[in-house]
Amino acid sequence: MKAWIHGYSGRMGQEIAKQIHSQSAQWKLVGGSSAKGLYYQEGEGISWDRFENLLGEANVLIDFSSVAGNQQLLNAILTQGNVGTAILIGSTGLSPEAIDEWKNLATKKKVAVLLAPNTSLGVLLLHQVSKLLGEVLAPLHFDIEITESHHRAKVDAPSGTAKFLANGLAATLDKKVVTNREGKREDNEIGVTAIRGGSVFGEHEIHYLGDEEELRISHRALSRSLFAKGALLLTRWVAKQKPGFYRLEDIRIEEMIALIKEK
Ligand SMILES: NC(=O)c1ccc[n+]([C@@H]2O[C@H](COP(=O)([O-])OP(=O)(O)OC[C@H]3O[C@@H](n4cnc5c(N)ncnc54)[C@H](OP(=O)(O)O)[C@@H]3O)[C@@H](O)[C@H]2O)c1
């Protein structure tokens, strides 16, 4: 796999570069880009007018930048012809309009695009298990609520992951998602509450609240490298897909198991 990292100089970009270097039999880093610079073949300084051409040298693009950085990448891909086979979007907080633009790009450029607001394998499993529990417990009148905690510097609230978990449950159980509720809880709601502070990497907990018993399932991120390792796994998944726009919901656990065994 020949990868390009957009957001290369950031915390996630650097972690992904580290993982790529540690898996050199499978991966090669072609280069990367960030707001302040462009890096090609391990730090060679080059000018921005070559950015669009260089993107085409990679077969997979990995974006962990920002809302503005993501838009810059989208524009760069639209202005150049060859874009490789797959794109993983790890940047969070994208607007519905931006997501629509990526959908159009996937069709126009015939490339597979995966939107992955959380690249942890554990969160993917949490999503699957939470729907299963919901299907049993919601008809038994359990209320379902989600809480999430992140460090003080996180720009979006609730997190993309909390929305992913809540939307998965809401679609499966025909309920509506309510964030930062004010006033009384309604019957058909899945509430999402965000806590911000300190240096918490990321915690998500799903509460199933019944009259006689309560269940909770949760995920706690302990280091940034888990997201980087997961990003490479998901990039391998999207590289195997036909052109089109994909979300984490489209990934079957069996496919993940196969990818893990393939290693
Ligand atoms: N999907 C997941 O599992 C997951 C996990 C963690 C984080 N994230 C998301 O990934 C993104 C990056 O997180 P981070 O913690 O690595 O952030 P960070 O340390 O602040 O790094 C951001 C990177 O994006 C670049 N960038 C910012 N604005 C840009 C622009 N307008 N054009 C081009 N490049 C731009 C920065 O370049 P400069 O250094 O030059 O400013 C830097 O390389 C965020 O959206 C975050 O929420 C997702």
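This briefing describes selected residues, strands, ring pairs and ligand contacts in one structure. The model is predicted, so local features need pLDDT of at least 70 and side-chain atom pairs count only at pLDDT 80 or more, while totals for chains, interfaces and linings use all residues. Residues are numbered from 1 along each chain as its sequence is written, and side-chain values use heavy atoms, with hydrogens and water left out.

- Strand β2 covers residues 28–33, and five of its six residues are buried, so β2 is largely enclosed by the rest of the structure. Buried means under 20% relative accessible area, exposed means over 50%, and partly exposed lies in between (1.4 Å probe, protein chains only).
- Strands, like helices, are DSSP runs numbered from the N terminus; a strand (E) has at least two residues and a helix (H or I) at least four.
- β1 and β2 run parallel and are joined by five bridges. Two strands pair if DSSP finds at least two bridges between them.
- H6 stands opposite S33 in β2.

**The ligand**

- The ligand is surrounded by 24 residues, and the closest are S9, M12, K36, T92 and T119. A residue is near a molecule or strand if one of its heavy atoms lies within 4 Å of it.
- An oxygen atom of the ligand lies 2.9 Å from a backbone N or O atom of R11.
- A nitrogen atom of the ligand is 2.9 Å from an N or O atom in the side chain of S66.
- A nitrogen atom of the ligand also lies 3.1 Å from a backbone N or O atom of P117.
- Taken alone, the ligand exposes 930 Å², and the protein buries 77% of that. Accessible areas come from the Shrake-Rupley method with a 1.4 Å probe; for residues, only the protein chains shown count as cover.

**Aromatic pairs**

- A search of the whole structure finds two aromatic pairs. Rings of Phe, Tyr and Trp (its six-membered ring) pair if their centres lie within 6.5 Å; planes under 30 degrees apart count as stacked, over 60 as edge-to-face and the rest as tilted.
- Y8 and Y39 form a tilted pair, 4.6 Å centre to centre with 35° between the planes.
- Y8 lies in the loop between β1 (2–6) and α1 (11–22) and Y39 in strand β3 (residues 38–40), so this pair ties together parts that are 31 residues apart in sequence.
- Y8 is buried at 14% relative accessibility, whereas Y39 is partly exposed at 24%.
- W237 and Y246 form an edge-to-face pair, because their ring centres are 5.5 Å apart and their planes are at 90°.
- W237 is buried at 3% relative accessibility, and Y246 is buried at 16%.

**Two buried histidines**

- H150 is found in strand β8 (residues 143–150), and its relative accessible area of 8% makes it buried.
- The side chains of H150 and E148 make a polar contact of 2.8 Å. A polar contact is a pair of N or O atoms within 3.5 Å; within protein, one must be able to donate a hydrogen and the other to accept it, and residues adjacent in sequence count only if both atoms are side-chain atoms.
- Leaving aside neighbours within four places in sequence, H150 is in contact with residues including S159, I195, F201 and H204. Contact means heavy atoms within 4.5 Å.
- H204 is in strand β11 (residues 203–209) and is buried, with a relative accessible area of 3%.
- The side chains of H204 and S159 are joined by a polar contact of 2.8 Å.
- Leaving aside neighbours within four places in sequence, H204 is in contact with residues that include L126, E148, H150, S159 and H219.

**Loop residues and backbone details**

- T85 lies in the loop between α3 (67–78) and β6 (86–89) and is partly exposed at 43% relative accessibility.
- Leaving aside neighbours within four places in sequence, T85 is in contact with N59, V111 and A112.
- K110 is not a glycine but has a positive phi near 50°. K110 lies in the loop between α4 (96–109) and β7 (112–115) and is exposed at 61% relative accessibility.
- H141 has a positive phi of about 70° and is not a glycine either. H141 lies in the loop between α5 (121–137) and β8 and is exposed at 65% relative accessibility.
- A157 and P158 are joined by a cis peptide bond with omega about -5°, and P158 lies in the loop between β8 and α6 (160–173).
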